Amino acid sequence: MKKKLISALLSVAMVSALLAGCGSSAGTESSTPAPADTQQAEESSEAAPASETPAAETTAASGGEGKVYYLNFKPEQADDWVELAKAYTDETGVPVTVVTAASGTYESTLKSEMAKSEAPTLFQVNGPVGLASWKDYCYDLKDSDVYKNIESDDYVLKDGGSVLGMAYVIETYGIIYNKALLNDYFALPDAEIKSIDELNNFEALKKVADGIQAHKDDLGVEGAFTSAGFDASSDWRFKTHLANLPVYYEYKADGITSTDAIKGTYLDNYKQIFDLYITDATCEPSLLSGKTGEDAASEFALGEAVFYQNGTWAYNDIKDNEVADEDLGMLPIYIGVEGEENQGLCTGSENYWCVNKNAAPEEIQATLDFLNWVVTSDAGRDALANKMGFVTPFKTFADGYQSTNPLILANDEYTKAGKTPVSWNFTTMPSEEWKNGVGSALLEYAQGTGKWDNVVTAFVDGWKTEYDAANAQ
């Protein structure tokens, strides 16, 4: 895995040098037709100056007036989108540029790119909060062919009668686990939990994690959990995805779907699962500021850890390493709430396509045509379902294009067993700044330089502050 990551980084570096030599920049066509390529934006929370924005090449064009510029949110599928864009250009002659924002920088990259004359024609928002910021840029999709193929309006974002965003992937996350290593733990003479069927609540999870950590040398692992890194490629797993659990249970208890002031009813539960992540782990908490998402993926893929909080999208980073597909499973994130034995995995979407209504009419049409091709053509459906491993909410994927991703199949098992999925409520979090505040407080707590009370303050007081700022008239 580490060799693969190093190779990928070297490839990006070489492409950067080539692009610098020919003067390409994001959102502009290469002067010489070349295969499509993509790069990640600079990892910075600030919008980068024009000279530092992501470089990209455009697929070769043989004709047609319109062109497409897609600002992709998902780094793990960057190469797949480039390949798909090239296939579309080869078939139609329409140039398609794909630029992928670095992890944790999408919003700042989008702001920077939208300010340019060659702005993205296709971009993403993460849900209602994201739409509120960008709805004035969103073309109404209600009469488009791609919208006609959506399974349900449950998967769209509306403003009045206008359809401004469409989910293109339904994803699931939880605690990915290595079945072979977990079975080795179950077989230990002093194992308190003896089967996966018993591992259905936080108390059981803690017993297992503590036991693995105590026997890590016997089991040949570095720790029960992968490192909980806090750089931009990893911290979203805790300040956003893990933070969804206390929000979900508070909303559920109060019978609401959003709030202007979170109470923090389940923050003690948030603390105990986070404590487990940082104590029964592959590294000391003091090292977490330097740990990355690549570190965590590598640790799991190489069999150095049993548990790894992430989602179905992580399969591409895991496969073809030390963990066989048949040994991949996923547990719900248990935090110690009554009745969680009936809890399923966290399922939803924060990936909604939006078309830039400020683009030229021919570019809007080219973008709509591209999207429809992606969800109806054999090449597009194969790419989304098989290469990217997506579960998609389009009718056109009903026959022959179901994903074989074992993490998706794990979610199907919970659904068939009647478990209640945990909804994605983090799309109602008031701002990216709120997440950053929670993330900073979590890291300080983990390193011993801050108290849990600071996490509570960032979570509760920060929510109200950021909500009021975002909704100020």
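1. Two strands pair if DSSP finds at least two bridges between them; strands (E, at least two residues) and helices (H or I, at least four) are DSSP runs, numbered from the N terminus. The model is predicted, so local features need pLDDT of at least 70 and side-chain atom pairs count only at pLDDT 80 or more, while totals for chains, interfaces and linings use all residues. Residues are numbered from 1 along each chain as its sequence is written, and side-chain values use heavy atoms, with hydrogens and water left out.

2. Strand β6 (residues 171-178) is joined to β10 (residues 343-348) by 3 bridges, and the two run antiparallel. T172 has T347 of β10 as its bridge partner.

3. With β8 (residues 305-311), β6 pairs in the antiparallel sense over 5 bridges. Here Y173 is bridged to G311.

4. Strand β9 (residues 328-331) is also antiparallel to β6, with 4 bridges between them. On β9, L328 is the bridge partner of N178.

5. Because 8 of the 8 residues of β6 are buried, the strand is largely enclosed by the rest of the structure. Buried means under 20% relative accessible area, exposed over 50%, and partly exposed in between (1.4 Å probe, protein chains only).

6. E192 lies in the loop between α6 (179-186) and α7 (202-214). Its relative accessibility is 53%, so E192 counts as exposed.

7. D190, E192, D217, D218 and E222 form a negative surface patch. Patch residues have over 30% relative accessible area and no salt bridge, with like charges joined within 9 Å; a salt bridge is a side-chain nitrogen of Lys or Arg within 4 Å of a carboxyl oxygen of Asp or Glu.

Notes
Patch = residues over 30% accessible without salt bridge, like charges linked within 9 Å, V, L, I, M, F, W, Y side chains within 5 Å. Areas by Shrake-Rupley, 256 points an atom, 1.4 Å probe, with all protein chains shown as cover. Lys, Arg positive; Asp, Glu negative; His and termini not counted. Charge placed at Lys NZ, Arg CZ, Asp CG, Glu CD.
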